[in-house]
Amino acid sequence: MEEFEPRIIAFLCHWCTYTGADLAGTTRQQYPPNIRIIHMMCSGAVDTIYILKALIDGADGVLIGGCHPGDCHYQTGNYKARRRVGILKEIFHQVGFTEDRIWLRWISASEGKLFADTVTQMVEELKKMGPNPMKKLWLA
Amino acid sequence: MSKSAMLEVKNNDPIGTLRDFFRDLLEKKVVDALLIPKKLPSGDGYCQTLIRNPELLVDVNPLAPTVPVQSARLISHLTIMDPGCKVGAVLKSCEVRAVIELVKFLQVKLDRLILIGVDCLGTYEPSGYAKMSREKGKGGSITGNLLKGAREGKIKPQDGYDLRLACQICEYPNPQNADVIIGLFGHNPQKEIYVELRDGLAGELAEKGILATTEKGSSSRDSVIERLTEERLKRRDEVFDAFRSRVKNLQDLMDALSTCIRCHNCMVACPICYCKECVFKTPTFEHKADQFLRWADRKGGVRMPTDTLLFHLIRLSHMVTSCIGCGLCDSACPNDLPVATLFRAVGQKVQGLFDYTPGRSVDEEPPVATFKEDELQGESGTN
Ligand code: SF4
Ligand code: SF4
Ligand code: SF4
Ligand code: FES
């Protein structure tokens with residue numbers, strides 16, 4: 001049997017993590033190709049609907065990348081994103097879904113290495129977890 | 001600060017006495033319009049009615065034991081633009097709490113609104129009430145029967161009928177945050193009704209010769225409410241426990257919601273789901289055929305309509321922090337799904353994260369509208 005390759009959907013803030021991901025590319029940082037990036041203007045623009053849709057449609061993990069606290073171009077979008085993720089994870093916890101498929105990380109435009117390391121680490125963790133059970137859920 | 005008085009009940013008719021009280025409020029211009037439950041000509045139930053002409057107060061029943069729609073939604077329509085006059089609204093405790101939440105989401109303005117909260121005896125499903133009323137011919141004594149338990153706080157529904165589950169587990173039988181409180185618990189409703197008034201109003205009502213108040217308080221009412229609240233909390237926790245042991249994982253949740261037809265009734269009925277541009281009303285979910293086929297392909301097949309689990313999880317993540325537990329989602333569900341229990345049980349924990357109680361105060365910011373710099377640090381992998 002082929003090794004399970006997790007799929008990650010990443011919502012990355014234009015001003016920081018998206019640019020950080022770009023830097024990872026131009027500086028030839030190695031990271032696994034399991035990630036599909038969606039370009040957002042701010043982590044604060046990531047509604048729970050995007051995260052949920054990705055997971056229910058079978059993504060194995062969702063990464064939300066935003067600016068470090070204090071650095072958000074829209075001042076507080078990242079704090080709002082954190083609250084939203086906190087609320088969503090508590091809901092998951094309450095209905096017995098694993099919250100560990102949702103990762104929120106602060107990665108700046110200059111942290112290409114951190115981006116590459118984060119993706120590498122996430123892929124490893126998701127491999128341990130195995131495929132998202134929602135992938136085959138016809139009833140969802 | 002507030003003041004209180006005992007309203008003397010005339011002719012053993014508490015509803016008639018309250019009707020006269022409200023007539024006074026309207027005729028003496030304490031309010032210019034009054035939103036109050038009025039009996040339907042069919043006798044099948046009550047509907048909130050916005051009354052200008054005091055003559056239409058015949059057949060109103062401020063204690064009507066049904067909540068056909070959440071009045072907070074109606075009040076949003078009445079106050080989001082300046083109504084130009086003072087609107088009084090006779091509401092149940094859960095409706096007052098929904099109003100408080102909607103104030104914080106800028107959907108209700110309190111400036112011209114006088115909130116009149118009524119001790120709640122519990123409510124029947126509208127369909128149950130209609131049936132009961134036809135059996136009894138007139139339905140006149142349905143409220144009266146519930147009222148018999150008000151003094152002791154031991155409310156017994158009509159034989160063969162239950163109060164709505166949300167009412168059975170409601171820990172707020174008495175309204176808070178209202179300008180006027182009509183209190184039934186702890187007193188004999190054939191003789192007297194407790195009325196509490198916000199300070200400014202107390203002066204106005206005294207001046208206009210409607211009601212003279214003294215210092216606040218009724219210890220018999222307080223102790224009945226305390227006991228009733230305790231009982232309700234116990235029942236609530238039983239319901240939550242049962243739900244939590246039933247829903248432990250993805251499959252359990254799917255099973256609990258398996259007969260959902262995604263009609264959105266629960267959302268339409270919910271006072272907190274006020275968004276005019278709700279994602280579920282936009283074309284976002286009107287997918288093209290090839291999209292459905294792609295999903296079916298990937299999963300082997302896909303239930304239609306799609307996105308049921310997504311619907312409930314989105315609604316939870318958007319509004320569960322402000323769920324006030326009115327149970328109108330349950331009442332609206334054609335398939336008797338435990339939506340309110342899901343929202344209340346999950347809500348209890350999510351609200352707890354932020355020490356937030358929806359409906360408690362207009363000064364507390366709803367969790368989805370604010371943040372703290374030093375909270376939830378573990379969420380970003382940096383604890
Ligand atoms: S989710 Fe249900 S119980 Fe909660 S506020 Fe909305 S309608 Fe009421
Ligand atoms: S589901 Fe979300 S977007 Fe729709 S009405 Fe409720 S809170 Fe608003
Ligand atoms: S009202 Fe009931 S059937 Fe309709 S969407 Fe809500 S839970 Fe599903
Ligand atoms: S601009 Fe990057 S998180 Fe807001």
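This is a predicted model: local features need pLDDT of at least 70, side-chain atom pairs count only at pLDDT 80 or more; totals for chains, interfaces and linings use all residues.
Colleague: How many of the 12 residues of helix 12 of chain B are buried?

Modeller: Residues are numbered from 1 along each chain as its sequence is written, and chains are lettered from A and ligands numbered from 1 in the order in which they are written. Helices (DSSP runs of H or I, at least four residues) and strands (runs of E, at least two) are numbered from the N terminus, and buried means under 20% relative accessible area, exposed over 50%, and partly exposed in between, with a 1.4 Å probe and protein chains only. By these rules helix 12 of chain B is mostly covered, and its buried residues number 11.

Colleague: Which helices of chain A do the buried residues of helix 12 of chain B pack against?

Modeller: The buried residues of helix 12 of chain B include B:F311, B:H312 and B:R315. Within chain B they pack against helix 9, helix 10 (265-269), helix 13 (328-332) and helix 14, where contact means heavy atoms within 4.5 Å. From chain A, the packing partners are helix 2 (48-56) and helix 3 (77-94).

Colleague: Which helix gives the largest share of the side of chain B that touches chain A?

Modeller: In this interface 47 residues of chain B are in contact with 34 residues of chain A, and 20 residue pairs, both at pLDDT 80 or more, are in polar contact, that is, a pair of N or O atoms within 3.5 Å, of which, within protein, one must be able to donate a hydrogen and the other to accept it, residues adjacent in sequence counting only if both atoms are side-chain atoms. The elements of chain B that give two or more residues to this side are helix 9 (250-256), helix 11 (289-299), helix 12 (308-319) and helix 14. The largest share is 8 residues, and it comes from helix 12 of chain B.

Colleague: Which three residues supply 19% of the area that chain B buries against chain A?

Modeller: Buried area is the accessible area (1.4 Å probe) that two parts lose on being put together, summed over both, and between chain B and chain A it is about 3800 Å², with carbon and sulfur atoms giving 65%. The three residues that supply more of chain B's part than any other three are B:K299, B:F371 and B:E379.

Colleague: Which residue of chain A forms a salt bridge with B:E375?

Modeller: A salt bridge is a side-chain nitrogen of Lys or Arg within 4 Å of a carboxyl oxygen of Asp or Glu, and between chain B and chain A there are 3 salt bridges. In one of these, at 2.8 Å from N to O, the partner of B:E375 is A:R83.

Colleague: How many residues apart in sequence are the parts that B:R221 and B:D119 tie together?

Modeller: The side chains of B:R221 and B:D119 meet in a salt bridge at 2.7 Å, N to O, and both residues are buried. Because B:R221 lies in helix 8 of chain B, whereas B:D119 lies in the loop between strand 5 (113-118) and helix 4 (126-135), the pair ties together parts whose separation in sequence, in residues, is 102.

Colleague: What end-to-end distance do the C-alpha atoms of helix 8 of chain B give?

Modeller: Helix 8 of chain B covers residues 219-246, and its buried residues include B:R221, B:L228 and B:F240. Among the elements that cover these buried residues are helix 6 (165-168) and strand 7 (192-198) of chain B. The expected span of a helix is 1.5 Å times one less than its number of residues, so the 28 residues of helix 8 should span 40 Å, which agrees with an end C-alpha distance of 41 Å.

Key: Side-chain values use heavy atoms; hydrogens and water are left out.
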